[in-house]
Amino acid sequence: MRLGIDLGGTKIEILALNDIGEELLCKRVATPKEDYAATLRSISDLVHSTETELGVSGTVGIGTPGSRSPASGLMRNCNSTWLNDRAFKHDMEALLGREIRISNDANCFALSEATDGAGADAATVFGVIIGTGCGGGVVVNNKLVDGPNAVGGEWGHIPLPWPQDGELQSSPCWCGLHGCIETFMSGTGLADDYAREFGYRIVAPEIVHAANGGDEKAESIVRRYELRLAKSLAVIINVLDPDVIVLGGGMSNVERLYTNVPAIWSDYVFSDTALTRLHPPKFGDSSGVRGAAWLWG
Ligand SMILES: [Zn+2]
């Protein structure tokens, strides 16, 4: 049995999968915010209660915000900031009395969709989360590509490619750089673009809804979003040449992206063909927790 845990900012979810990926049990608790020791205990309690309920023990994989620095072993870049600079993997292993595997939530998403999701038939899968932030993960032959820096697939903090005049200066990113892909491709980025253009703010789902209803202002912003997404993914195609790109996060619900973005990216892909397929996720919000379980492949 594989146990996957999705450690989020508001909830901790555990999912038990059997050997063929069927869901045996799923439960969630609220994340003890700002309390590291209580976060460890909550995860440990979930593992023990699940194993008691099912009568078997399992492997444990955990999807985290941010990632573990290979150099120091400490967590970094977590928006759940009470995890940062903590030896989370070491402490969790001590508490559970066994080896665990951890990876960041975008990697878990990519692994889930590549294993038995929207990219199950593909050799190379790039999984993208475009929600409140922007993350990515690379899976080749069902294995995560996670190198010496543990940043494989982190496309959110490179500058928007093929920028137009002034585009890179418009968007300061929380990471300290300017013009990062995340500042355009997250749902917040879409809302920011609308606010910059028209001087007032509406949220991303309203912009998409208005565009689909024929509103010209919203349509112009969604078209610009599609162009930017196509350019950003064309860079991934030029480097990695994936068979399938799977979108996740809130913006993956925008159906028109799956038609419009591939129609644009062929202008930027360095090839006479652009056969990479763009798919919505099969497992939606459960992909993170499923991928955490699949960390033990
Ligand atoms: Zn950035």
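These legends accompany close-up views of a predicted model.

View A. Leu-24, Leu-54 and Val-56 together make a nonpolar surface patch of about 220 Å². To find Val-56, look in the loop between helix H1 (36-54) and strand S4 (59-64).

**View B. Strand S9, tucked away.** Now follow the chain to strand S9, which covers residues 134-140. How many of the seven residues of S9 are buried? Six of them are, so the rest of the structure largely encloses this strand.

**View C. The hairpin of S8 and S9.** Here you can see strand S8 (residues 124-130) beside S9; the two run antiparallel and are joined by seven bridges. Three residues lie between S8 and S9, and the two strands form a hairpin.

**View D. The hairpin of S9 and S10.** On we go to strand S10 (residues 143-144), which pairs with S9 in the antiparallel sense over two bridges. Look for Val-140, standing opposite Lys-143 of S10. S9 and S10 also form a hairpin, this time with two residues between the strands. Which residue in the turn has a positive phi? That is Asn-141, with a phi of about 50°.

Note on methods:
Residues numbered from 1 in each chain as written. Predicted model: local features only at pLDDT ≥ 70, side-chain atom pairs only at ≥ 80, totals over all residues. Heavy atoms only, no water. Patch = residues over 30% accessible without salt bridge, like charges linked within 9 Å, V, L, I, M, F, W, Y side chains within 5 Å. Areas by Shrake-Rupley, 256 points an atom, 1.4 Å probe, with all protein chains shown as cover. Salt bridge = Lys/Arg side-chain N within 4 Å of Asp/Glu carboxyl O. Helix = DSSP H or I, 4+ residues; strand = E, 2+ residues; numbered from the N terminus. Buried < 20%, exposed > 50% of the residue type's maximum accessible area, 1.4 Å probe, protein only. Pairing = 2+ DSSP bridges.
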